[in-house]
Amino acid sequence: ADESASAPEKTSQRPSLPLLTTNLDISALQLFLERPEQAPIALQGSIRQTIEDDRALVTVAGNLNETPVTGAFSLHPLAEVVTMERVKLEGDLRLGEVVVESRGNFIDLMAPSQPVIELSVNGPSFEYLTDRLGLKRISEGPLDIQLAITPSLGTSGISVNGRLGELLFLR
């Protein structure tokens, strides 16, 4: 027998998004989350996803537990969004008077080691946020927090700065 003949080569295909729409509009969305011994979480509103230039844009609008919620998110560049590699994320979310701003860079969404993420949450108070989310109050006081995750010596470093209720974070 000829041992120089080799078996067929195995190819490993990288997973990609199974579906990316050019225009998706979900209106009259209603989601309810029942929780034992707590008030349910209710979300009513709409979600819209579009493609503009080299970006996938997602917007949300509605009410979360009767508090207005709006948000806008961008994922780009589009070719990398489909392959889930080298994706950049930018987004802002507003829940009543609470503002969440986020930015991120992901080398590989399938194996998200060493992402770069910046997140800030600001609002009138921590209890304002927990009340809007229907959560038990665990602290009271300011809501002004910044979180950063960055690559550091082969792993990811996390820094937190600001106030979350009675807790003070200094990097």
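Is Gln-38 buried, partly exposed or exposed? Buried means under 20% relative accessible area, exposed over 50%, and partly exposed in between, with a 1.4 Å probe and protein chains only. Gln-38 counts as partly exposed because its relative accessibility is 39%.

A word on the source. This is a predicted model, in which local features need pLDDT of at least 70 and side-chain atom pairs count only at pLDDT 80 or more, while totals for chains, interfaces and linings use all residues. Residues are numbered from 1 along each chain as its sequence is written, and side-chain values use heavy atoms, with hydrogens and water left out.

Let us consider the surroundings of Gln-38. This residue lies in strand S2, residues 38-52; strands are DSSP runs (E, at least two residues), numbered from the N terminus. Leaving aside residues up to four places away in sequence, Gln-38 touches Gly-134 and Leu-135, where contact means heavy atoms within 4.5 Å. Between Gln-38 and Gly-134 there are 7.4 Å from C-alpha to C-alpha, although the two are 96 residues apart in sequence.

I turn now to the sheet. An open sheet is formed by 10 strands, in the order S1-S2-S3-S4-S5-S6-S7-S8-S9-S10, with antiparallel pairing. Two strands pair if DSSP finds at least two bridges between them. The edge strands, S1 (23-35) and S10 (167-170), each pair on one side only. S2 pairs with strand S3 (residues 55-64) in the antiparallel sense over 10 bridges, and Glu-52 stands opposite Arg-55 in S3.

Conventions:
Helix = DSSP H or I, 4+ residues; strand = E, 2+ residues; numbered from the N terminus.
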